[in-house]
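Hi,

Here is the structure I promised to pass on. My notes follow below it.

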Amino acid sequence: MAVRLGVLAVAANVLTALMLMGLGVGHAGLAYASSVGAFVNLTRAALGGAARFGRLGGRALLASALRTAAASAPLAVWCWLALPILAVRRGLALDASLLAATIAGGALVFWLASAALRSPERGHPRRLLPGRRGD
């Protein structure tokens, strides 16, 4: 089953990429095609899991997705504001430093927005650390 899902996701990715390349979208189309493939994989895995294990808590998943989307809005604004700064070439070292600072700032913006939305997923990465309980 997992192999079939993977093949389906790759096929969706390739077909979307070919379609978007024909439309002249460029490299952004490849990123979009990758997202389509991942979404197909997620959808099929969720449907397969629901068929095998029963209800998966759709309301909780939807609430989580909506919180994540809401926390992504300030991140999108951050990225939009950073575009003019990153568009100017200043040399590899400075460009890399500005990009790293932009990424770190974006992570902080998203983290703070998710905290303001009381997103329970914020605690999950901490549980992955050694010595932490997974309850």
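**What turned up**

Ser 64 is buried, with a relative accessible area of 16%. (Buried means under 20% relative accessible area, exposed means over 50%, and partly exposed lies in between, with a 1.4 Å probe and protein chains only.) Ser 64 sits in helix H3. Its side chain makes a polar contact of 2.4 Å with the side chain of Glu 121. (A polar contact is a pair of N or O atoms within 3.5 Å; within protein, one must be able to donate a hydrogen and the other to accept it, and residues adjacent in sequence count only if both atoms are side-chain atoms.)

First, the ground rules. This is a predicted model, in which local features need pLDDT of at least 70, side-chain atom pairs count only at pLDDT 80 or more, and totals for chains, interfaces and linings use all residues. Residues are numbered from 1 along each chain as its sequence is written, and side-chain values use heavy atoms, with hydrogens and water left out.

**Confidence**

The mean pLDDT of the chain is 86. (pLDDT is the predictor's confidence in each residue, from 0 to 100.) A value of 70 or more is reached by 96% of the residues. Confidence is highest in helix H4 (residues 92-116), at a mean of 94. Confidence is lowest in helix H5 (residues 124-127), at a mean of 72. Where pLDDT is low, the predicted coordinates should not be read in detail.

**Overall layout**

The chain has five helices and zero strands. (Both are DSSP runs, numbered from the N terminus: helices are H or I with at least four residues, strands are E with at least two.) Along the sequence the pattern reads α-α-α-α-α.

The radius of gyration is 19 Å, whereas a compact globule of 135 residues would come out near 14 Å. (The radius is taken over C-alpha atoms; the globule rule is 2.2 Å times the number of residues to the power 0.38.) Along the principal axes, the C-alpha atoms fill a box of roughly 55 × 45 × 30 Å. Of the 135 residues, 16% count as buried.

**Around Glu 121**

How many salt bridges does the count give? The count is one. (A salt bridge is a side-chain nitrogen of Lys or Arg within 4 Å of a carboxyl oxygen of Asp or Glu.) The partners are Arg 67 and Glu 121, at 3.7 Å from N to O. This pair links distant parts of the chain, 54 residues apart. Arg 67 is in helix H3 (residues 58-87), and Glu 121 is in the loop between H4 and H5.

Both partners are partly exposed: Arg 67 has a relative accessible area of 22%, and Glu 121 has 26%.

Ser 119 also contacts Glu 121. Their side chains are joined by a polar contact of 2.4 Å. Ser 119 lies in the loop between H4 and H5 and counts as buried, at 12% relative accessibility.

Arg 118 is in the loop between H4 and H5 too. Its phi is positive, about 55°, although Arg 118 is not a glycine. Is Arg 118 buried or exposed? Arg 118 is exposed, with a relative accessible area of 72%.

Ala 63 lies in helix H3. Ala 63 is partly exposed, at 30% relative accessible area.

Ala 70 is in helix H3 as well. Ala 70 and Phe 110 are 40 residues apart in sequence, but 9.5 Å apart from C-alpha to C-alpha. Ala 70 counts as partly exposed, at 38% relative accessibility.

**A nonpolar patch**

Which residues form the nonpolar patch on the surface? They are Val 10, Val 14, Leu 15, Leu 18, Met 21 and Leu 30, with about 580 Å² of accessible area together. (Patches are made of residues with over 30% relative accessible area and no salt bridge; like charges are joined within 9 Å, and nonpolar side chains, Val, Leu, Ile, Met, Phe, Trp and Tyr, within 5 Å. Areas come from the Shrake-Rupley method with a 1.4 Å probe; for residues, only the protein chains shown count as cover.)

Helix H1 (residues 2-22) gives the largest share of the patch, five residues. Val 10 is in helix H1 and counts as exposed, at 51% relative accessibility.

Best wishes
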